[in-house]
Amino acid sequence: MKTIHKHILNLFLVVTAFGSLHGQQRASSTQAIVDAQTRQPTTEAVDQTVNELVREAREAAQKEAIREDAGDVAFLGGKAPSPDRFFVRFQNLLEYVSNADYRGSTGRADLMWNPAIEGGWSRQMGSGIGVAASVRVDSVKFVEVQENDFWGPSGDVQVFWQMKPSMPVLRAGFRPSSYSSMDTDQRILDSLSNYAGFEHSVPVNQGRTALFYGFEYAQFHTSPSFSDRDAFKPYGGVTQVLRDDLFLQLFYVFQWSDYHKLNREDSRNIAGLSLTHVVNQNLQLRLGGTFTDNDSNLTLAEYQSFNAGLNAVLNWKF
């Protein structure tokens, strides 16, 4: 049982929400924060980058646990020339982790490398309704704490609806994932989560600043089943366009989890800061960090960790 608990806790590594640094990434569906028809055409790329950063902040809690048994979905913000959009994304994240053991506040510090590949599709169905799907494969390796190395695929399928650009986006879907140890070649955890929630972004300062907030409820069904749980996640933050190729983001995520088969309740606070430079239409560089405080009535599950690193993200959208 101690070995099983150790493997589950090993999943609790901060793979920053940067886009926001963990980076990019986890592509999920987000809507344009402003009606593109009221903006200059040259701002479309800026809008898409802002939308992706908002999406990554929302996904911070999943990434904190390397998608804590959850995967990604990807929807590209902005106006599309056709109802179908596709993307392929590569990420190369190098990150300092202050608590790679996830033992209270005294775990060993280490360097983490997280390469990943992801592909996705989305389609606008009309009347504000759309669907999106993606699949992703991650590999996570540590320099010293090599027993924590793992890899695995994850995915996301969702339907979303937005009555009009000035109103919140509603979404629901499911996320499968499967993670295995690179040290023992044994499976760590399989998971299928169903979720529902909303997200709203408010542009201010002539569209150069985006205030965003949202909420998500998820129910996790796992194998082994002792990790079955309900999770409630409110979040919020601000994204500032410093230049058309430079973005600053500050975000906060709270997640409360109630485990079904264990006498365990966790409350997780995550605060993050990131700086994203859009080199060109395909390459983004992200520098940032997150601080995580996980409180639990199960002492073994409590920890604090600070992560900071650099993420290079290659995107192809078509």
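These are my notebook entries on a predicted model of one protein chain.

**Entry 1: ground rules**

I number residues from 1 along each chain as its sequence is written.

**Entry 2: confidence**

I looked up pLDDT, the predictor's confidence in each residue on a scale from 0 to 100, and the chain averages 80, with 76% of the residues scoring at least 70. Over residues 66-81 the pLDDT is below 50, and this stretch has 103 contacts in the model beyond near neighbours in sequence, where a contact means heavy atoms within 4.5 Å. Residues 1-42 also stay under 50, and for them the model has 208 contacts beyond four places in sequence.

**Entry 3: the whole chain**

I then went through the secondary structure, and it comes to 3 helices and 12 strands; these are DSSP runs numbered from the N terminus, with helices (H or I) of at least four residues and strands (E) of at least two. Of the 318 residues in the chain, 54% are buried, a word I use for under 20% relative accessible area, with exposed for over 50% and partly exposed for what lies in between (1.4 Å probe, protein chains only). Among contacts with a separation of 6 or more, 66% join residues 24 or more positions apart. Leu-53 is in helix H2, residues 44-58, and counts as buried because its relative accessibility is 1%.

**Entry 4: the surface**

The accessible surface of the chain comes to about 12,800 Å², and 63% of this belongs to carbon and sulfur atoms; such areas come from the Shrake-Rupley method with a 1.4 Å probe, and for residues only the protein chains shown count as cover. I found a nonpolar surface patch of about 800 Å², made by Phe-86, Phe-90, Ile-117, Val-137, Trp-151, Met-182, Leu-314, Trp-316 and Phe-318. Strand E1 (84-97) and strand E12 (303-317) are the elements that give two or more residues to this patch. Patches are built from residues with over 30% relative accessible area and no salt bridge, with like charges joined within 9 Å and nonpolar side chains (Val, Leu, Ile, Met, Phe, Trp, Tyr) within 5 Å. Trp-316 lies in strand E12 and is partly exposed, because its relative accessible area is 36%.

**Entry 5: salt bridges**

How many salt bridges does a search of the whole structure find? I have 13 in my notes, each being a side-chain nitrogen of Lys or Arg within 4 Å of a carboxyl oxygen of Asp or Glu. Side chains of opposite charge can pair when their charged atoms come close.

- Arg-108 and Asp-101 meet at 3.0 Å, N to O; Arg-108 is partly exposed at 41%, whereas Asp-101 is buried at 10%.
- Asp-149 and Lys-141 have their closest N and O atoms 3.3 Å apart; Asp-149 is buried at 4%, whereas Lys-141 is partly exposed at 31%.
- Arg-264 and Asp-266 meet at 2.6 Å, N to O; Arg-264 is buried at 6%, and Asp-266 is buried at 3%.

I also found a network of salt bridges that links Arg-89, Glu-118, Arg-136 and Asp-138. Arg-136 is in strand E3, residues 129-142, and is buried, because its relative accessibility is 1%. The side chain of Arg-136 also makes a polar contact with the side chain of Gln-91 at 3.3 Å; the term means a pair of N or O atoms within 3.5 Å, and within protein one must be able to donate a hydrogen and the other to accept it, with residues adjacent in sequence counting only if both atoms are side-chain atoms.

**Entry 6: the backbone in loops**

Finally I looked at the loops, where Pro-224 is found between strand E7 (209-223) and strand E8 (229-243). The peptide bond from Ser-223 to Pro-224 is cis, with omega near 0 degrees. Asp-185, in the loop between strand E5 (169-181) and strand E6 (187-204), has a positive phi near 65 degrees without being a glycine. Asp-185 is exposed, with a relative accessible area of 69%.

Key
Side-chain values use heavy atoms; hydrogens and water are left out.
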